[in-house]
Amino acid sequence: MADTSNTAPSAVEVRAVKKAFGAGAAQVVALKTVSLTIADNEFFTLLGPSGCGKTTLLRLIAGFEQPTDGEILLFGEHLEGLPPNKRPVNTVFQHYALFPHMTIAENVAFGLRRLKKSEAEVKERVQRMLELVKLAHTADRRPNQLSGGQQQRIALARALAPGPKVLLLDEPLSALDLKLRQAMRAELKQMQQETGITFVFVTHDQEEALTMSDRIAVMSAGELQQVGGALDIYEAPRNRFVADFIGETNLLDVTVEEVRGEEALCRIGSHAVLPCSTAGPATAGTSGHVSIRPERLSLSKPNGDDAIVGQVERLIYLGTDTQYLLRLDDGTVITVRAQNAHDSRLEVGPGERAALKIDAGASRLLVD
Amino acid sequence: MAGGIPGGGGAASSTFGAYRNRLLMPAWLAIGIFLLLPVLLMLVYSFLTKDFRGGVIWEFSLAAYDQFIFDRGLFGDEAPKIEWIYIQIFLRSIWQALLATLLCLVIGFPTAYFIATRAEKSRFVWLFLITVPYWVNLLIRTVSMKFLIRDTGPLNEWLISSGLIATPIHMVNTNFAVQLGLFYSYLPFMVLPIYASVERYNFALSEAAADLYADRWTTLRHVILPSVAPGVIAGCILVFVPSLGAFLAPDLLGGAKNFMIGSLIEEQFKGNAGNWPFGAAASMILLTMVLIVLMIYARQQVRSEQGGR
């Protein structure tokens, strides 16, 4: 069964996996034939709105569900039919799922005990794990005597203790408040780098995904929409869903005028012709959508020969930024974001006319 | 742990206290009249002298307790020997009650677990089915049981006609029949509390256990059982206590040989042959034993609460 094309097998390989729940008319397809490869030592994130199939995919890897079709390989070995307790992966659950009747130390030791480690080894390892999450002093307490953030870290220590090859994290930060969530992001990332364990992280929070991941798989409606690094996904979204889901964007209806290799000239309504990078094959004469990030747009006083002009409808102050809503003459509303640093505030106010400038390379023609 | 309500205490809280006491009066009255008074009456009666036509003579006596423990011969003038009959009945009762509890637990736990893990709609159907037989009077059900299991009853006839046995199995008036009666009478008292705690159980814990390499048995023993223990203990008490004092099942299904403490007490108050102080004394002894069981349970509760839950 050795894979000859690759000397080092990838940590997780998902091959054409499909998952449907129920049967007949009541069948619900949670995952529509997904394939992806996660490299060893990678911080890999499954990102998508609720119901997109990301948790199902994680549960398939953990073994809580069996795929309807396709197969999953872990370091080149087939996992088919193996129950969760026979898979060398561990999970950090969304609501921690700490055993309430056991002490923190017993919780962390649970996996080690099942693996029949010697008592000395269990003790040493529990101590080390608790130190790793900086909670050694809580060893004799019960889970309900700990705060949410502490329970979260114990759940992490418990899952890391048996030394899994792959750690699965199911929205582990979603129950924490904002400040704690931000602190935990850095901690998780650091822990992943220190331990060298492959992390498969499920979240619906794009900021979490962008800040921690080596690679992100954006999912929607049971399908992979795009897989790539944070920069890729933000700067070069493949389709409307990804452009819209990750960050904020302006989606404009355009007509493709001309295609030159990787670039296309698109006409925005009756206004200007705009050079766009393309996410896939484009054909001249068709209509499509262009995504432009608000921070790559700017406004200025019109001076007569501007290509795109509109009226400023509203100004929204956001602390670090100010957001402008510009209504173009054809009725399209465009969001423009400007930083509030260095008194660089724009001189246009609500009700005034303004010209729109688009940064070079900011427009992207999407695959629908 | 948390301090009292800061400020404004004093007068305000004492008026509230008085008000609360007045509101609690009905509860105190109910507890006093229907719970404490009867027990007190029993306690007093157990120390009185028996009247031969039933009833009591208001004269202090330890005869009832003495009779329970010592045999002083027919006329009460011989040297006291330990009276084993009543102790035996007690031990048999405890044994039968323990067995019934165990049987109910072994059958009731999987049943409760099964029901609690069904879809929400079908759960109520299952629970309803469990309680349906209890809409019929216990006496009628126990008599029916006797008809079902007697030598010429449907159970034996079916066993014979299916060729499993040649001659009927004698079941009526055996320990087995008493056991069957107790088990059947009290099974729902085991199922319902266990169901309630399994329903509250967080099944993510079972997944977490499996994820941490525990097989099903280990998960049951180390994760599920400790989590649903309050329900299991409550169920055991609810089966053990009434089984210990049961008299219908042993009377109707067990016959004279399988006498239990409940029947013994019942007999003391029936007709003219009874001995009220003796019945009261036996009741007090039974009550004491039940209280001991409950105190063990209460202590267990306190201990697990101190443990942090």
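Tutor: The contact takes 22 residues from chain A and 18 residues from chain B, where two residues are in contact if their C-beta atoms, placed from the backbone, lie within 7 Å. Keep in mind that this is a predicted model: local features need pLDDT of at least 70, side-chain atom pairs count only at pLDDT 80 or more, and totals for chains, interfaces and linings use all residues. Residues are numbered from 1 along each chain as its sequence is written, while chains are lettered from A and ligands numbered from 1 in the order in which they are written.

Student: Which helices of chain B each supply at least two residues of the side that touches chain A?
Tutor: Those are α8 (204–211) and α9 (216–245) of chain B. The largest share of that side, six residues, comes from α8(B). Helices (H or I, at least four residues) and strands (E, at least two) are DSSP runs, numbered from the N terminus.

Student: And by class, what residues has that side of chain B?
Tutor: Nine nonpolar, five polar and four charged. Here Ala, Val, Leu, Ile, Met, Phe, Trp, Tyr, Cys and Pro count as nonpolar, Asp, Glu, Lys and Arg as charged, and the others, Gly among them, as polar.

Student: Back to α9(B). Where is its kink?
Tutor: At Ala229(B), shortly before the proline Pro230(B), and the kink is about 60°. That bend is the angle between axes fitted to the seven residues ending at a residue and the seven starting there. Between its end C-alpha atoms α9(B) spans only 37 Å, whereas a straight helix of 30 residues would span 44 Å at 1.5 Å a residue. The expected span is 1.5 Å times one less than the number of residues.

Student: Which residues of α9(B) are buried?
Tutor: Among them are Thr219(B), Val223(B), Gly231(B), Cys236(B) and Phe240(B). Buried is 20 or more other C-beta atoms within 10 Å of a residue's own, exposed is 12 or fewer, and partly exposed is in between, with C-beta atoms placed from the backbone.

Student: OK, chain A now. What's the overall picture?
Tutor: Chain A has eight helices and 20 strands, and 40% of its 368 residues count as buried. Its C-alpha atoms fill a box of roughly 80 × 50 × 45 Å along the principal axes.

Student: Which strands make up the closed barrel?
Tutor: The five run β11-β12-β13-β20-β14 in chain A, with mixed pairing. β11 (residues 250–260) and β14 (residues 287–292) of chain A pair in the antiparallel sense over six bridges, with Val254(A) partnered by Gly288(A).

Student: And what order do the strands of the open sheet have?
Tutor: β6-β7-β8-β3-β9-β10 of chain A, six strands with mixed pairing. β6 (89–92) and β10 (223–228) of chain A are at the edges with a single partner strand each, so one side of each is left without a neighbour in the sheet. Inside the sheet, β3 (residues 43–47) and β9 (residues 215–220) of chain A pair in the parallel sense over four bridges, and Thr45(A) stands opposite Ile216(A) in β9(A).

Student: Is α4(A) enclosed, or out in the open?
Tutor: Largely enclosed by the rest of the structure, because ten of its 13 residues are buried. They include Gln151(A), Arg153(A), Ile154(A) and Leu160(A). Their cover includes β6, α2 (104–114), α3 (119–132), β7 and α5 (178–195) of chain A.

Student: Last one: is Ser220(A) buried or exposed?
Tutor: Ser220(A) counts as buried, because it has 20 C-beta neighbours inside 10 Å. Ser220(A) is in strand β9 of chain A. Leaving out residues up to four places away in sequence, Ser220(A) touches Gly48(A), Pro49(A), Cys52(A), Gln225(A) and Phe241(A).

Definitions and conventions. Two strands pair if DSSP finds at least two bridges between them.
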